[in-house]
Amino acid sequence: MYSDQHLRVSDAEREAVCARLAEHFAAGRLDQAEFDDRVGRAMSAKTRADLRGLFADLPETGAPAVPELPRGGGGTPGDGPRGPGSPIEFRLDAASGVPTYLQLVHQVEHALRLGYLTLGDQLPKVRDVVASLAINPNTVLKAYKELETKGLTAGRPGQGTFIQATLGQVALPELAGLRKSLLGWLGTADAAGLDQDGIVALFTSALRDFYKRRGGTAERRGAAGGGTEDVA
Amino acid sequence: MTALTVPARPEHHAGLRPVPWRRMAWVTWRQHRAALGGVAAFLGAFAVYLWLSGLQMHHAEAAYCHPASSLSCAINFTGRYGETAIIVSIALQAVPALIGAFAGAPVLARELETGTFRYAWTQGIGRLRWTVGELVPLAVAVTAVAGTFTVLIGWYNQPWVAAGYVTPFSARVFDLLGFAFAAWTLAAFAIGVLAGMLIRRAVPAIAATLAAYAALAFATALWLREHYITPLVTHDPNLPGSAWIISHWYTGHDGKPLSQAAISQILRADHAATNKIGPNTFQTSVNVVGYLTQHGYTFWVSYQPGSRFWPFQWIEGGWLLALSVLLIAATVWLVRRRAA
Amino acid sequence: MTMNIIETSGLGKRYGSTWALRECTLAIPAGHVAALVGPNGAGKTTLLNLAVGLADPSAGGVTVLGDKPAGSPAALDGIAFVAQDTPLYKNLSAADMLHLTRNLNRRFDQRYAESRLGELGIPLNRKAGKLSGGQQAQLALTLALGRRPRLLVLDEPVAMLDPVARHDFMATVLTAAADDGVSVLLSSHVLAELERVADYLILLSLGRVQVAGEVDGLLACHRLLTGPAAEADRYTERPVVHARRGQAQAHLLVRAGADDPVPPGWETHPVDLEELVMAYLREPGAAALPGPARGRALPPETGEPSEVTR
């Protein structure tokens, strides 16, 4: 798995590493100076080995520090496409209760946020998604159509579906700051006696009100759609 | 609702041309080559035996049975090989039944039993062509093989006919000769095929085929065959050996036939006659006939002359062929009826 | 693409004096993966047998691939059927089965079939009876897809397969749907996988069609209402398909759209497919038939038990 240490890294991968570092900073594992230093080293890193070195003393937090090239990784059984494929690979959570097409939409958006996908990247071919996940082709088409409606992707006939916009990027320090203040708020809510579900309910309804006041478009409602309805 | 775009596919030709027969022929061959091989092996082994045994019999007959009624013939030929010949004839009687049952019954029964008909009858060729393509070649093959085998049987029987031991008309060999053997094999096959379709299980179908065939064969030999052409009637007690004697009776002065009891009474009443002929002698022996005719009774015998052998073969072959065609057609009709 | 891949009108089949299927009127559009669901004895196999020409109707009729009578040469040509227990000739090798299928059909893609078997690791010279259950199912499927059908009909195809074999089998089926636009009709017991696999649903119960329609449409016009049990009995705004009650709380599965007003104090949730199917299976008297051939949207006022569309 680590045989690709010598490979050069892309801007997308550097950005993803910075986001990762920001998480560790917000968690309090790095102080400001260390954080700035590591971000600087990440931005000037040339190979994967350089990037990995930045996490030597930091714990794993689930997703890999440096995105893996699609090699059947990503958790799905069955091989992904060989050769020039999509940077991402879908997976299904059968027990989540979230409709399949929405899971795919969310995974694309999540990948965009984390930097696995950037402008111009191709989404997996419909046929390949069907072959590896054993889902209805119309479901994949529906997900891709939804992404197109949101303006995130565009289909090129005969070639595939490509990313044509990214989700609004917030600058990295701002992101870190937001995260820190959110953790503060969470501490307050916890002290007030709210449990996890209560916090989620409160947050969800406030989110809804906020966007209603803003005159939310179909885009936003779609993003908030899947999970919020189940808790009232 | 979004639907998949259909990429360009080769569209069907207007008016589907049917799947060619020769392709179905391969299917039948591949599916049944084991059964056909079994039949061939079985008959082959039997043929080898007949050939070897027949050579001995031919040799013995040629050496000892000219004249045919000599004592040396009785010892070296009839006495030595007679029993074997009878046993072989009986065994040969079973051959059409076995071939028909084991080649015919499983054809449809196995498909229905194992469920493979759900594959076979949903292929592009259609169930009708499939069924005809399975049954007809097998029927022809089975009949042809049986027809060839008959030649060997005829050769095997030839010394016995020459020695006057058996007439071709006799029930023991009539259906082994000429057209009859092949026709009986075909009929057994047809019965098997229909039984397989009706019973839908191979082993019970085989059993039912053997039973039905046996019933038909016995009914024909014991009753039907003698009525193909009205038998000739004569008073002559000395009929040639080639004739097939069907029955005989006596009529009294009034022209009415006498029962066996009445005849026995007449014979016993005359002690002299009884002493001469003994109480249990067959009544067609010359003594009895002579005695009764002397005393004013008339002797009648109905028979089929030997010359009618081939017409009878044609008749028997003909109605068996018609029956086979009918049974196979009925089977095809049942398949067509789509009872799933 | 508006052709109906299977169309039945008043279709019925009787065995002796029992009707295995009655008054079945369907119009399944092409280009979909349709799931046929129902309890044992509901008539699923009967319906499939009628569609592929293995049985003749006792009442009504069925046409396939647009306008071809079921069982006709044109229909047989365009439909491939894999029956329950995937019947194969056990003493023929896989290569023989390919040869057999090639000879019994006008059209057979030998190269596709061989490469597919190679990918699956099924040796061509092994007798079909010696293959594992999953391999036999894949072989039967390969034979069916090698015929390049327009419609693939599967009768409980994955019932006897282990999870991996099941996944691979369905992946093959769905890839064929994606690549070649093959329509699929499959009967299934496995409700949990329906949502992933099917985009058209037919629910049979006691020989009659209870539910028929596109999955998206069905889910869009059903909601789950949760509220006080005391009020549940008085709820009449929308037809109730199935009700579940606790002491204080009740859940009502109703036929309503997402925008329909919710009684005060009640919550509304969307319904997922498994829940919907279970609710209808528990209420044999209810039906949801949008009259697909006529293109009508489901009228929300239809009470229960619903009439069968003619």
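**Helices and contacts in chain C**

Visitor: Hi! How do H4(C) and H5(C) lie to each other?
Guide: H4(C) and H5(C) are roughly antiparallel (angles over 145 degrees; under 35 is roughly parallel, 65 to 115 roughly perpendicular, the rest oblique). This is a predicted model, where local features need pLDDT of at least 70, side-chain atom pairs need 80 or more, and totals for chains, interfaces and linings use all residues. Residues are numbered from 1 along each chain as its sequence is written, with chains lettered from A and ligands numbered from 1 in the order written.

Visitor: What angle and distance do their axes have?
Guide: The axes of helix H4 (residues 110–120) and helix H5 (residues 133–146) of chain C cross at roughly 155° and come within 9 Å.

Visitor: And which residues make that contact?
Guide: H4(C) brings Tyr112(C), Ala113(C), Arg116(C), Leu117(C) and Leu120(C), while H5(C) brings Gln138(C), Thr142(C) and Gly146(C). Contact here has C-beta atoms, placed from the backbone, within 7 Å.

Visitor: Changing topic, how many helices and strands does chain C have?
Guide: Chain C has 10 helices and 14 strands (DSSP runs numbered from the N terminus: H or I of at least four residues, E of at least two). Its radius of gyration is 21 Å, close to the globule rule's 19 Å for 310 residues, so chain C is as compact as a globular protein of that length. That uses C-alpha atoms, with the rule being 2.2 Å times the residue number to the power 0.38.

Visitor: What box do its C-alpha atoms fill?
Guide: Along the principal axes, roughly 70 × 40 × 40 Å.

Visitor: How many residues does the contact between chains C and B take?
Guide: Chain C gives 32 residues and chain B gives 28. On the chain C side, helices H1 (44–52), H2 (73–78), H3 (94–103) and H6 (163–180) each supply at least two residues.

Definitions and conventions
Two residues are in contact if their C-beta atoms, placed from the backbone, lie within 7 Å. Axes are lines fitted to C-alpha atoms, for helices over the stretch in contact, and angles run from 0 to 180 degrees between N-to-C directions.
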